[in-house]
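Student: Hi! Could we go through the side-chain contacts in this one together?
Tutor: Happy to, let's have a look.

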Amino acid sequence: MKIVILDGYVENPGDLSWAGLEALGDLVVYDRTPFNDDDEILRRIADAEVVLTNKTPLTKNVLDKAPCLKFISMLATGYNVVDAAAARAKGIALANIPTYGTAAVAQFAIALLLEVCHHVGHHSKAVEEGRWATSKDWCFWDYPLIELADKTMGVIGLGRIGRATATAAAALGMKVIAYDSFQDEAGRKLAEYTELDDLFARSDVIALHCPLFPATEGIINKSNIAKMKDGVIIINNSRGQLVVEQDLADALNSGKVYAAGLGVVSAEPIKDDNPLLKAKNCIITPHISWAPKESRQRLMDIVIANVQSYLDKNPINVVN
């Protein structure tokens, strides 16, 4: 059985091992595959029974011309790059990686928030540049320093990651409120459930942890920003498409939104003309909240389990 990985580098840049997959079949690993080149994608998977992909698209056109393909596993939780309906119609099972990065992503959301509150990187660089050594005072700061205790964190999406973020926010002394279409007692122990408009009106910090659905796409937009407190902080390391980027940039530049900490944007890698690149008080990192070695190892372990379960004729984590 041939197994092809189309874009393996970000999962394993050399600090992990593919040995578990090599034990299951004839493994071919490509670090990267051109996203928009169906012909090249087809050439690489033409005789593969199992294909693993992270962001390389598998369109209906590709699936229709891959006669050997029987099983696809994502190297990620999201699976929108695969035409799931076309795969199902052809009898190709599609599996994802559901729970590998909860702790890492929640930790990164808090890291973005703390960077907004203290600008640690900026002030460290200022010290390295000699500004403290030549300061007239024994300390200085270039941004307002923000204490989070007694402020309100509004979490949009109180799933596994949202709950981990809520737990961390509460440990910092924050009051936590949440909006989620699914509510349960476990969530109520962590946060006060509220309606979305109420969350916008009451939150000092808004953290996005909801999936990207038609109902959530562009949920941070001009109209909803107008409902928020002046000086709100927005944290998003979920999906870039949750934010209307020009609307957020305008709100940052006007001061309506004090700051944003973003781990994702709508088009990745980020485009040179993204309005957030020039927005005031906007921290952007290159989609790395999922990427600690520990979480990537969990991802690797689940991928191996996905493929093994297919071989055992009892596939797990199937989404189509």
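Student: How many salt bridges does a search of the whole structure find?
Tutor: The search finds 14 salt bridges, each one being a side-chain nitrogen of Lys or Arg within 4 Å of a carboxyl oxygen of Asp or Glu. This is a predicted model, where local features need pLDDT of at least 70 and side-chain atom pairs count only at pLDDT 80 or more, while totals for chains, interfaces and linings use all residues. Residues are numbered from 1 along each chain as its sequence is written, and side-chain values use heavy atoms, with hydrogens and water left out.

Student: What pLDDT does the chain average?
Tutor: The average is 97, and 100% of the residues score at least 70. pLDDT is the predictor's confidence in each residue, from 0 to 100.

Student: Is Glu40 buried or exposed?
Tutor: Glu40 is buried, at a relative accessible area of 17%, whereas Arg43 is exposed at 52%. The cut-offs are under 20% relative accessible area for buried, over 50% for exposed and partly exposed in between, using a 1.4 Å probe and protein chains only.

Student: What about Glu185 and Arg188?
Tutor: Their side chains form a salt bridge too, at 3.0 Å from N to O. The two are 3 residues apart in helix H8 (residues 185–188), so about one helical turn separates them. Glu185 counts as exposed at 53% relative accessibility, and Arg188 as partly exposed at 41%.

Student: Where do Asp204 and Lys229 lie?
Tutor: Asp204 is in the loop between helix H9 (196–202) and strand S9 (205–208), and Lys229 is in the loop between helix H10 (222–226) and strand S10 (232–236); the pair links distant parts of the chain, 25 residues apart. Their salt bridge has an N to O distance of 2.9 Å.

Student: New topic: how many aromatic pairs?
Tutor: The count is 2. Rings of Phe, Tyr and Trp (its six-membered ring) pair if their centres lie within 6.5 Å; planes under 30 degrees apart are stacked, over 60 edge-to-face, and the rest tilted. Phe71 and Tyr310 have ring centres 5.0 Å apart and planes at 15 degrees, so they are stacked. Phe71 is in strand S4 (residues 71–74) and Tyr310 in helix H12 (residues 293–311), so this pair ties together parts 239 residues apart in sequence. Both Phe71 and Tyr310 are buried.

Student: And why is the pair Tyr100 and Trp290 edge-to-face?
Tutor: Their ring centres are 6.5 Å apart and the planes are at 80 degrees, so the pair is edge-to-face. Tyr100 counts as buried at 9% relative accessibility, and Trp290 as buried at 12%.

Student: Last one: what sits over the ring of Tyr9?
Tutor: The charged end of Arg32 does, 4.6 Å from the ring centre. The rule asks for NZ of Lys or CZ of Arg within 6 Å of the ring centre and within 35 degrees of the ring normal. Arg44 likewise lies over the face of Tyr30, at 4.1 Å from the ring centre.

Key. Helix = DSSP H or I, 4+ residues; strand = E, 2+ residues; numbered from the N terminus.
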